[in-house]
Amino acid sequence: MIERSHLTTSDGARRAEVTAHGNWVFFTGIQPQNLGGDIKEQVGEALDRLDVLMAEKGVAQSDIFTVHVWLKDMRYFSALNAVWNKWVDADNPPARTCVSGELYRPDLLVELVVMAFRKTEG
């Protein structure tokens with residue numbers, strides 16, 4: 001059975017921020033709440049949001065399989081990495097990609113898509 005949680009239409013599309021099946025957990029559209037901040041603040045808020053969602057699903061940082069980062073502009077790449085490197089589990093970093101593209105709001109600077117493998121269903 002597929003679990004769906006944190007249903008939203010915040011970006012105009014009906015979607016679940018979190019879906020899970022068995023041990024696989026997917027977190028999509030992870031964004032900062034405050035879009036007025038700079039890139040470091042937005043990345044930090046998005047990662048804080050991810051921490052909350054992962055805790056709800058019994059997922060630790062070391063359980064993250066892959067992360068796809070979407071940046072509004074690749075000029076933010078170094079700032080992203082400065083925040084990321086303080087947050088990520090240094091002994092168990094996930095595979096990560098980072099691309100730039102137009103995001104749905106002009107003040108949104110970063111969005112995350114995360115796939116994790118939790119050790120037990122729950």
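**Entry 1**

I began with Asp 107, which is partly exposed at a relative accessible area of 30%. For the record, buried means under 20% relative accessible area, exposed over 50%, and partly exposed in between, with a 1.4 Å probe and protein chains only. This is a predicted model, so local features need pLDDT of at least 70 and side-chain atom pairs count only at pLDDT 80 or more, while totals for chains, interfaces and linings use all residues. Residues are numbered from 1 along each chain as its sequence is written, and side-chain values use heavy atoms, with hydrogens and water left out.

Asp 107 forms a salt bridge with Arg 105, and their closest N and O atoms are 3.0 Å apart. My cut-off for a salt bridge is a side-chain nitrogen of Lys or Arg within 4 Å of a carboxyl oxygen of Asp or Glu. Arg 105 is also partly exposed, with a relative accessible area of 34%.

**Entry 2: the other salt bridges**

How many salt bridges does the structure hold? I find six. I followed up two more of them.

Arg 118 and Glu 3 meet through their side chains at 2.6 Å, N to O. This pair links distant parts of the chain, with Arg 118 in the segment after S6 and Glu 3 in strand S1, 115 residues apart. Helices (H or I, at least four residues) and strands (E, at least two) are DSSP runs here, numbered from the N terminus. Arg 118 is buried, at a relative accessible area of 0%, and Glu 3 is partly exposed at 25%.

I then looked at Arg 49 and Glu 17, whose side chains form a salt bridge at 2.5 Å, N to O. Arg 49 belongs to helix H1 and Glu 17 to strand S2, so this pair ties together parts 32 residues apart in sequence. Glu 17 is buried, with a relative accessible area of 10%.

**Entry 3: helix H1**

Next I turned to H1 itself. The helix runs over residues 39-56, 18 residues in all, and reaches 26 Å from its first C-alpha to its last, close to the 26 Å expected at 1.5 Å a residue. The expected span is 1.5 Å times one less than the number of residues.

Which residues of H1 are buried? They are Ile 39, Gln 42, Val 43, Ala 46, Leu 47, Leu 50, Leu 53 and Met 54. Seen down the axis of H1, these buried residues fall within an arc of 130°, so they line one face of the helix. The arc is taken from the directions from the helix axis to the C-beta atoms. An α-helix has 3.6 residues a turn, so residues three or four places apart point the same way.

What does that face pack against? The partners of the buried residues of H1 include strand S1 (3-8), strand S2 (15-21), strand S4 (64-71) and helix H2 (77-87). Contact here means heavy atoms within 4.5 Å.

At the start of H1, a side-chain oxygen of Asp 38 comes to within 3.1 Å of the backbone nitrogen of Lys 40. Just after H1, Gly 58 has a positive phi of about 70°.

**Entry 4: Thr 66**

Thr 66 sits in strand S4 and counts as buried at 12% relative accessibility. Its side chain reaches the backbone oxygen of Ala 95 at 3.4 Å. Leaving out residues up to four places away in sequence, Thr 66 touches Pro 94, Ala 95, Val 113, Val 114 and Met 115.

**Entry 5: aromatic pairs**

I searched the whole structure and found three aromatic pairs. Rings of Phe, Tyr and Trp (its six-membered ring) pair if their centres lie within 6.5 Å; planes under 30 degrees apart count as stacked, over 60 as edge-to-face and the rest as tilted.

Trp 24 and Phe 65 are edge-to-face, at 5.3 Å centre to centre and 90° between the planes. Trp 24 lies in strand S3 and Phe 65 in strand S4, so the pair ties together parts 41 residues apart in sequence. Trp 24 is partly exposed at 30%, and Phe 65 is partly exposed at 47%.

The ring centres of Trp 24 and Phe 117 are 4.8 Å apart with planes at 70°, so this pair is edge-to-face. Phe 117 lies in strand S6, 93 residues from Trp 24. To close, I noted that Trp 24, Phe 65 and Phe 117 form one aromatic cluster.

Terms used: Polar contact = N/O pair within 3.5 Å; in protein donor to acceptor, adjacent residues only side chain to side chain.
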